[in-house]
Amino acid sequence: MGKSTQVIEKWIPDDQQFWEQTGKKIANRNLWISIPCLLLGFCVWMLFSIISIHLNEIGFNFSKEQLYLLVAIPSVSGALFRVPYSFVIPIFGGRRWTTFSTIILVLPCIWLGYAVQDLNTPYIIFIIIALLCGLGGANFASSMANISFFYPKSQQGGALGLNGGLGNMGVSVIQLVAALIIFVPALIGDGQQLANGNTIWIQNAAFIWVPFLIIFSVCALVGMNDLSTSKASFKEQAVVLKDGTMWMLSLLYLATFGSFIGFSAGFGILSKTQFPNVDISLLVFAGPLVGAIGRPLGGMLSDKFNGIRMTLVNYLLMIIFVIGAFIMLPGIMSTDGNFLGFYVLFLLLFFTAGFGSGSTYQMIAVVFRQHIFSDSIKAGATNEAANKHAVTMTAAALGFISAIGAMGGFIIPQLFSISTTLFGTASYALIAFLIFYIVCALITKLNYKAQ
């Protein structure tokens, strides 16, 4: 260690003696501070998935397309911000960046809390706030890259699965907490009258996260570590963008995490348009919850049984469940459709999207790391130099691949919007998902072999 215990000079987690005596305790402490910071990031990222449902009810007059866009925009900005966030950990350090990237989320929360109280707030202001909410989604790239440095290869699936899975649970937490907290009288601002005579305090859904963001920013500053062994410039890391293997793996992750975050963003509005007589507001949280539970399970089982094998099985299940959801839509088997069947099958889709996020991430970490290591050895690097280069490049690749995956949060709500607006049904969107899952299953089967 260096002069400051917060900056670690020597870090060799694949050395069994170092790991057991020193590394494990430090890595786990960083992980358990990282998780709530990431969870809060996801809460902020998905704010508009709840807020948008109620905007017109409290007096705004936005079109269906405008509301779908508000839901989708944080996913776009989250994906775009993930690109620079993929490279920041080796430049600034995990402790400092986690602190900054968590505390900055106070800004969109406070701004949104005041914006929803003023019916004269223009649509463009909500667009800007939605873009800033995307910063919460970007945290995933830097958080996962940071945690990947702390753990040995044999435990990366489990550690990344816990960090990503419990972090992803923020999507469920925001949808459950926001659905309840808006009925609690606010300390800041007046309530909004609904057409049925009830009063809600929609600003609570934004303000509630501010104290927690401050608390866990302090925890990150005080309790986490920076690894000097992970230092690398942007230029050194950026070569990963030229790697064809990384782009292929990005497509696989888009099918899993992209589905998870896209369904999380759009399922509430989708259900409301397809089954208008069903009140979905208190049921939406369950999908992201089972998806978040599935992610660490996917990571841990991949550590044990091989990520490639787990990912292929998962794609096959996604194909089956999306066919089932299609059959349950109104106008397919019956005029009114079957909401209960549709809801259950979407819960299964959420679970497989989460499980697959864990399995593909573990698969990516192993496949890409071995790919870079082999190339470095062929180029004449020593084992130690090749391993260090592989770890750094894999961390950058994981972050960038997560940026591609986050685009699902934009693509899926927009597919729902196009399908329902042009054809009056979500069936064409589900057909597009089915084709994509089949393609990804074929890519996995034909290009990667389980060892």
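**Aromatic rings in this model**

Let's start with a cluster. Ring pairs link Phe-263, Phe-267, Phe-275, Phe-339, Phe-342, Tyr-343, Phe-346, Phe-350, Phe-416 and Phe-433. Keep in mind that this is a predicted model.

Now the overall count. How many aromatic pairs are there? The count comes to 34. I'll take you through two of them.

A word on how to read them. A pair of aromatic rings is described by the distance of the centres and the angle of the planes.

Pair one is Phe-92 with Trp-97. Centre to centre, these rings are 5.6 Å apart. The angle between the planes is 25°. Planes under 30 degrees apart count as stacked, so Phe-92 and Trp-97 form a stacked pair. Trp-97 is buried, at 12% relative accessibility.

Pair two is Phe-257 with Phe-260. Here the centres lie 6.1 Å apart. The planes meet at 40°, so this pair is tilted. Where do these two residues sit? Both are in helix 12, which covers residues 244–274. Phe-257 and Phe-260 are 3 residues apart there, so about one helical turn separates them. What about burial? Phe-257 has 0% relative accessibility and counts as buried. Phe-260 is buried too, with a relative accessible area of 0%.

Which residue lies over the face of Tyr-361? That is Arg-295, at 5.1 Å from the ring centre.

To recap the two pairs: Phe-92 and Trp-97 are stacked, while Phe-257 and Phe-260 are tilted.

Key
Residues numbered from 1 in each chain as written. Predicted model: local features only at pLDDT ≥ 70, side-chain atom pairs only at ≥ 80, totals over all residues. Heavy atoms only, no water. Phe/Tyr/Trp six-rings, centres within 6.5 Å; stacked < 30°, edge-to-face > 60°. Buried < 20%, exposed > 50% of the residue type's maximum accessible area, 1.4 Å probe, protein only. Helix = DSSP H or I, 4+ residues; strand = E, 2+ residues; numbered from the N terminus. Lys NZ or Arg CZ within 6 Å of the ring centre and 35° of its normal.
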